[in-house]
Amino acid sequence: MDSPPVPRELLVDIFLRLPDPADLVRAAAACVSFRSIVADRSFLRQYRKLHAPPLLGFIVGRNNFQPATAPAASAVALAADFSFAFLPSSSNWLIEDVCDGRVLLYEIRRKKGIAFTFIDLVVCDPLHRQYLLLPPIPDEVFTSVEKWHTFLVPPADNGVKEEAAEETSFRVIWMARCGDKLVALVFSSGTGQWQAGPSHSWSDSFPCLLSRTGEITLSLPQYAYGCFYWVTTCRKKLLVLDTGRMEFSIADAPPEAKGFDCMNTNIVVVEAGEGRPGMFVLPVPDDTTTDLKFIIRHNSGGSSGQWKLDKTISLGFRYYFAGSMGRLLFLCFGRSHIATFYHHCCRHRQ
């Protein structure tokens with residue numbers, strides 16, 4: 001007597017428990033019915049929520065991909081084009097950000113007879129050799145810009161994404177200082193257009209961020225649970241951008257982080273689990289201590305909640321922060337590599 005077939009619901013539950021995506025691929029190759037389950041979009045969404053995609057490597061410099069130890073990393077290194085030869089003809093593309101297997105690049109150019117510079121922005125997928133050239137920043141905005149920075153927004157995990165657009169949609173934030181104002185524009189691949197984002201006056205809304213000279217300095221953005229964090233000049237406060245509400249706010253920095261120079265990479269924000277942002281803090285560069293402090297923000301993320309020291313970790317050697325991604329922290333020996341590795345962590349969707 002033949003055994004009754006295993007119910008599809010039970011197979012889904014079994015496959016969701018497979019910890020390694022490679023095991024999932026092997027299961028899909030076993031038979032047609034298994035493959036139909038694994039290839040289903042709703043199943044893949046559930047699997048990705050339960051299992052973070054593996055770190056595949058780093059992009060070092062302009063186009064040098066350094067694969068990690070994940071089994072798929074070497075395959076990606078061979079299959080992807082990290083020379084970006086498939087982009088519009090130019091040799092001046094520079095990497096601005098990397099997120100979820102996409103790379104944001106920019107090119108600076110000048111228009112004849114005009115004093116200020118323009119930028120071209122492109123988002124590409126090196127593995128599939130696809131790209132989208134973003135529309136130009138409006139001239140009326142760009143002409144008044146003093147400093148600018150552009151970054152990709154990780155996909156929100158709020159359960160309300162559109163199924164058809166989930167795999168290909170992305171957002172880009174262009175943030176700039178215009179006089180005493182901080183302005184932001186948001187590009188959505190869904191609309192193909194830039195839209196006005198939040199705007200605030202430094203002197204009115206954020207007086208605590210002004211230094212003695214009136215100059216405002218921010219670290220590179222660090223992301224955790226839908227919010228970007230910047231360490232500010234005064235080092236007692238964090239600038240926070242909630243990408244869900246698209247609002248700026250100010251958060252208190254933990255006592256362990258105060259007094260550090262925000263341009264040094266000794267403060268890194270990570271995801272600590274259960275929706276709580278965490279922060280790793282290393283001693284100041286001239287300190288011989290090798291203890292690493294880990295602080296968790298309790299209650300909630302964004303600008304609310306209280307920081308609490310969770311643990312102190314002895315590294316044994318003098319490391320420096322190279323960056324972070326999700327719940328991962330990257331350390332390196334040489335300070336000369338910090339700027340190269342920072343924020344160029346490449347993680348691709350399975």
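## A predicted chain of strands and helices

An open sheet of 4 strands runs in the order β15-β16-β17-β18, and the pairing is antiparallel. Its edges are β15 (267–271) and β18 (306–314), each of which has a single partner strand, so one side of each is left without a neighbour in the sheet. From one strand to the next the twist averages 25 degrees, where axes are lines fitted to C-alpha atoms and angles run from 0 to 180 degrees between N-to-C directions. Two strands count as paired if DSSP finds at least two bridges between them, and the strands themselves are DSSP runs of E with at least two residues, while helices are runs of H or I with at least four residues, numbered from the N terminus.

This is a predicted model, in which local features need pLDDT of at least 70 and side-chain atom pairs count only at pLDDT 80 or more, while totals for chains, interfaces and linings use all residues. Residues are numbered from 1 along each chain as its sequence is written, and side-chain values use heavy atoms, with hydrogens and water left out.

The chain holds 8 helices and 21 strands. Of its 350 residues, 43% count as buried, a word that here means under 20% relative accessible area, against over 50% for exposed and partly exposed in between, with a 1.4 Å probe and protein chains only.

| Strand pair | Sense | Bridges |
|---|---|---|
| β15 and β16 (residues 277–281) | antiparallel | 5 bridges |
| β11 (residues 222–224) and β12 | antiparallel | 3 bridges |
| β12 and β13 (residues 237–242) | antiparallel | 5 bridges |
| β7 and β8 (residues 171–178) | antiparallel | 7 bridges |

Strand β12 (residues 227–231) deserves a separate look, since 5 of its 5 residues are buried. Both of its faces are covered, with Cys227, Tyr229 and Val231 buried on one side and Phe228 and Trp230 buried on the other. β11 and β12 form a hairpin with 2 residues between them, and tyrosine 225 in the turn has a positive phi of about 50 degrees.

In strand β7 (residues 147–153), 5 of the 7 residues are buried, so β7 is largely enclosed by the rest of the structure. Tryptophan 148 stands opposite alanine 176 in β8.

Helix α4 (residues 41–50) has Phe43, Arg45 and Tyr47 as its buried residues. Their cover includes α1 (8–16), α2 (21–28) and α3 (32–38).

A search of the whole structure finds 13 aromatic pairs, where rings of Phe, Tyr and Trp (its six-membered ring) pair if their centres lie within 6.5 Å, and planes under 30 degrees apart count as stacked, over 60 as edge-to-face and the rest as tilted. One of these pairs joins phenylalanine 58 and phenylalanine 330, which are edge-to-face at 5.1 Å centre to centre with 85 degrees between the planes. Phenylalanine 58 lies in strand β1 (residues 55–60) and phenylalanine 330 in strand β20 (residues 328–332), so the pair ties together parts that are 272 residues apart in sequence. Phenylalanine 58 and phenylalanine 330 are both buried. Elsewhere, Phe151, Tyr223, Phe228 and Trp230 form one aromatic cluster.

Notes. Contact = heavy atoms within 4.5 Å.
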